[in-house]
Each structure stands twice: as structure tokens, then as C-alpha cells.
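I opened this notebook to keep track of what I looked up in the structure, chain by chain and then space by space. The entries follow the order in which I went through them.

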Amino acid sequence: MTLVLIATTMAVFSTMALALGRALKGPTIYDRIVAVNVFGTKTVLVVALITHITGHADLIDVALVYALINFIAIVTVLKLVKTRDLGSATEEDPQDA
Amino acid sequence: MLEWGINILSGSLLLIGGAFGFIGGLGLFRFPDFYTRLHGAGITDTLCAICIGAGLILQSGISLLTLKLLLILLFLLFTAPTATHALSRAAMIDGVEPELADDSEPLSAHRGKPSSRT
Amino acid sequence: MRNVLFLSLTLAGLWLAISGVYKPVIFFLGGASLILVVWIALRMRIVGDEHNPLVFSWRLPVFWLWALGQIIQANLHVARLVFSPEKISPRIVSVPVPHKSSLGKVVYGNTCTLTPGTVTIGLDRDTLVAHALDEQSAQSLVSGRLADKICWLEGSTESQQ
């Protein structure tokens, strides 16, 4: 069973490698943010897999917290890129004019 | 006997999840423009996470670990579309133009659409 | 008030479930953080309809199972397209949103994004603008099956189309 877990981990690692490749290639900043987002969600899965491989049940808390922090980090980076300012409450939205 | 069946089921779910993760990563890498790449990222966020999560849940039996895995899956499935939507909306407002097929309406036709269309 | 009570109970249950350590000091810390979180949520005025226990009915698990089926179908379709990228024909579609409650609209937009092949780009009072990977993905949205299902989830079976 451990072999299957390790094989799955390797598959997820290769996904992360592809995401990193996309993050390096760009071309727009949003491509990079999508790639980093995918990298983050895969990290959660890898940590969950490692929990089962090593049998340390406490590690799952790391995955739980990482899942939440990853989302907040992505939205924060997006807002920083968009508005260059984390303090403003709203952004100018030409769509809803 | 039952344990054997569960092991096989969870093993195949894990491998399917890994394979879909790889396919999604390939899509993320190969598709031509930003909006199509979002669909590749979508595969890794949904089916890959669901399959691997389900496989791990089957292996951990009934314990605190199962509940935490379920919570992780729930959080991932709630946050992934929100993050994707935020990204696509930000990109569209920023003026990243999608490459569209020839027989479809351009983006500008939808941008300024009057809101009463039912 | 009912919403606040339900939110507190959910948070307490969540805390008890993932804490795993049951000692007086830990209970005190958990209670303190619960009160802090509820106070912040009240101060941000985000305690609303989604904390109403009536939202959860037997229809929700049925909808989740149906959505899971849709997600698997859409995944297989997009996975096939990954291996033949020349077959994609990206398009933008806008479809009407028939749901009355804002919760229904959000569920519609989220489920649309959650099925690969369609990504919600814009959502306002009564239209949803989505990017679809090809004709078949767009059809799943244009045909209105998803919208009808969420109308059913909302409890109002008549859709306005």
C-alpha cells in the first residue's frame, strides 16, 4: 500500500513541477498566480499523503491550516497586484458602472 | 476479504487522482491562453483532490483523521472556485483578452450587455 | 439571533472535532476564541442567510451527489481535450440567472466554476458571464440544467426562463 501512496505522491510532484514550469514561463502575471495556486493546493494533498506514508497523524493539521492559508495568500497577492494597496476597501470596477 | 477490497478501491482511487492531477498539470502547461489554462487548473482542483481525498479517507478508517480529511476536502472545494473566479475577473478587468474561436461572439459583446436579458 | 446561535454551535462543534485534546485550559481557550470570532463576524456584519439552519435540507446532499456526477463527466471531457489541444474552441457565453436569493446566485456561479470546462468570469444581478472551453462545455450551461437544479435546491421549482 505504501508503494501506491508513494506513486501517487510522485504523480502529484510532477503536477507541481508542471505548475512551476508555467509559473516560470508566464507570460502574464495571472498565469503565474494560477500556477502558484495549483502548487499550493497540491502541497495540501502531498502533506495529506505524507501523513499516511509516515503514520504521523498530527501532520494532517498542517494540511488543514495550509489549505486555508493558501486561499487567503492567493487572494491577498491578487489584491496587491491589482490595486498596489492592501488598505483600500474597494477597487474601482469599470464593469459595474 | 473486506479489508482487501477497500485497499484495492482506495489504491485505484489514489492512482486515478494522481493521473488526473498530472493531466491537469499538462493542461495548465499546454493550453494556449490564460482563460483556457484555468480549465486545466480546474481539473487538478476538483477530480484530483476528490479522488486522492476519498482514497485517503478509505484508508484511515473511522477516526479523527477521517473527519480532518473531509474538512480539508470541503475547504478545498469551497475555496478553489472562489480563487479561480477572483483570478479570472481580475484578469478580465485588467484587459487580458481571451483567444476565441472564430464562430463565437467577442468578449466586448458580453461586457456591455444590458442587465435585463431574461 | 437564530443565525448567531447556529454559527456559534457550528464553530463549537468544529473546534471540538478538530481539537482532539480535552483539558480545562484548552476548553477555556476554545471558548474565548469562539466568542472572539463571533464578535468579529457580527462587527463585520457578515452573519446572514448562509448561517440560517433552514438552508440545510435533505436536498443539499442530493444536489452534491448530482454535482459530483457532473464534475466527473466534465473532468473526463476536459481531460480528453488536454491530449488534443487543437480541438478546443474557447468561447464566452452569458446566461440568465433565474435565482432570487443571493445564496442561489453564488451557488450557481461556484458550481459553474467547479465543473471544469466552464469558468465564471462575471456574475451580476441577473446574468452570468462564463468562459467555456468548447461547444459541449458551453452547452451544459446554456441548456439550463444546472440552473434548474439549483432552483430546485432553492425550493422554488419554477424557473423564469
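This is a predicted model: local features need pLDDT of at least 70, side-chain atom pairs count only at pLDDT 80 or more; totals for chains, interfaces and linings use all residues.

**Entry: chain A as a whole**

I began with the make-up of chain A, which has 3 helices and 0 strands, so that, by the DSSP runs used here, its elements read α-α-α from the N terminus on. Of the 97 residues in chain A, 40% are buried. I then looked at contacts in chain A between residues at least 6 apart in sequence, and found that 48% of them join residues at least 24 apart. Chain A exposes about 5,000 Å², and carbon and sulfur atoms supply 70% of that area.

**Entry: confidence in chain A**

The average pLDDT of chain A is 84, with 89% of the residues scoring at least 70. Over residues 93-97 of chain A, however, the pLDDT is below 50, and this stretch has 7 contacts in the model beyond near neighbours in sequence. Among the elements of chain A, the highest mean pLDDT, 91, belongs to helix 2, and the lowest, 88, to helix 3.

**Entry: helix 3 of chain A**

I turned next to helix 3 of chain A, which covers residues 59-83, a run of 25 residues. From first C-alpha to last it reaches 36 Å, close to the 36 Å expected at 1.5 Å a residue. Which residues of this helix are buried? I listed Ile60(A), Ala63(A), Leu64(A), Ala67(A), Asn70(A), Ile74(A) and Leu78(A). For reading such a list I kept in mind that an α-helix has 3.6 residues a turn, so residues three or four places apart point the same way.

What do the buried residues of helix 3 of chain A pack against? Their partners are helix 2 (29-54) of chain A, helix 3 (64-93) of chain B and helix 1 (2-19) of chain C. Just after helix 3 of chain A, Arg84(A) takes a positive phi of about 55°.

**Entry: cavities**

The largest share, 5 residues, comes from helix 2 of chain B.

**Entry: second largest pocket and chain C**

The second largest pocket holds about 340 Å³ of space. Of the 16 residues that line it, the closest to its centre are Gln70(C), Gln73(C), Ala74(C), Ser140(C) and Arg145(C). Helix 3 (59-83), helix 5 (135-142) and helix 6 (145-154) of chain C each give two or more residues to the lining, and helix 3 of chain C gives the largest share, 6 residues.

I checked the confidence here as well: chain C averages a pLDDT of 81, and 91% of its residues score at least 70. Among the elements of chain C, helix 6 has the lowest mean pLDDT, 80, and helix 2 (residues 24-43) the highest, 89. Over residues 156-161 of chain C the pLDDT stays under 50, and the model has 12 contacts beyond four places in sequence for this stretch.

Note on methods: Residues are numbered from 1 along each chain as its sequence is written. Chains are lettered from A and ligands numbered from 1 in the order in which they are written. Side-chain values use heavy atoms; hydrogens and water are left out. Helices (H or I, at least four residues) and strands (E, at least two) are DSSP runs, numbered from the N terminus. The expected span of a helix is 1.5 Å times one less than its number of residues. Buried means under 20% relative accessible area, exposed over 50%, partly exposed in between (1.4 Å probe, protein chains only). Contact means heavy atoms within 4.5 Å. Accessible areas come from the Shrake-Rupley method with a 1.4 Å probe; for residues, only the protein chains shown count as cover. pLDDT is the predictor's confidence in each residue, from 0 to 100. On a 1 Å grid over the protein atoms alone, a cavity is a set of points where a 1.4 Å probe fits but cannot get out, and a pocket is an open set with protein on both sides within 12 Å along at least five of seven lines; lining residues have an atom within 4 Å of a point. Grid points are joined across faces, edges and corners, and a volume is the space filled by probe spheres set on the points.
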